[in-house]
Amino acid sequence: MISPFNDEYFMKQALQEAKKAYDSGEVPVGAVVVANNQIIARAHNFTEKLNDVTAHAEIQAITAASEYLGAKYLTGCTLYVTLEPCVMCGGALYWSQIDKVVFGARDEKRGASRLQESIYHPKTLVTNGLLAEESILLLKSFFEKRRG
């Protein structure tokens, strides 16, 4: 049986979260956490609304997923996020022991891949580039609108 629930489907869900962030004046980054082909957490940036520099989409999603599962570890889960996690979020993902991270656009300035050594848990599979163009266009539009 072919499942409609694949990486692209879940990344599109993360993009919907990024659009919510965009509409509310937040940097448009969205994330979802998936377990057994079910979204258990949805989040987007809340740094402006909460006046909290740590309120990134990934942190919000990790917290919501942990609460949903009643566990601090996210083994058996995948995070889909529209922008490459920063070092802070990468560290949180390390501690969560999440199985897989899929991100869209690379963050050349602040992304965790800038480090010479991976900060993700050794068992975490990391893939990138999925729907990157859509993520980049949303980010560019947001920053052009702010500068305009």
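Biologist: Where is the place of threonine 124?
Modeller: This is a predicted model, where local features need pLDDT of at least 70, side-chain atom pairs count only at pLDDT 80 or more, and totals for chains, interfaces and linings use all residues. Residues are numbered from 1 along each chain as its sequence is written, and side-chain values use heavy atoms, without hydrogens or water. Helices (H or I, at least four residues) and strands (E, at least two) are DSSP runs, numbered from the N terminus. Threonine 124 is in the loop between strand E4 (100-105) and strand E5 (125-128).

Biologist: Is threonine 124 buried or exposed?
Modeller: Buried means under 20% relative accessible area, exposed over 50%, partly exposed in between (1.4 Å probe, protein chains only). Threonine 124 has 12%, so the term is buried.

Biologist: How many salt bridges does the whole structure have?
Modeller: A salt bridge needs a side-chain nitrogen of Lys or Arg within 4 Å of a carboxyl oxygen of Asp or Glu. A search of the whole structure finds four.

Biologist: Which residue forms a salt bridge with lysine 100?
Modeller: The closest N and O atoms are 3.2 Å apart in the pair of lysine 100 and aspartate 7. Lysine 100 lies in strand E4 and its partner in helix H1 (residues 7-23), so parts 93 residues apart in sequence are tied together.

Biologist: What separates lysine 12 and glutamate 8 in helix H1?
Modeller: Their side chains meet in a salt bridge, 3.4 Å from N to O. Lysine 12 and glutamate 8 are four residues apart in helix H1, so the separation is about one helical turn.
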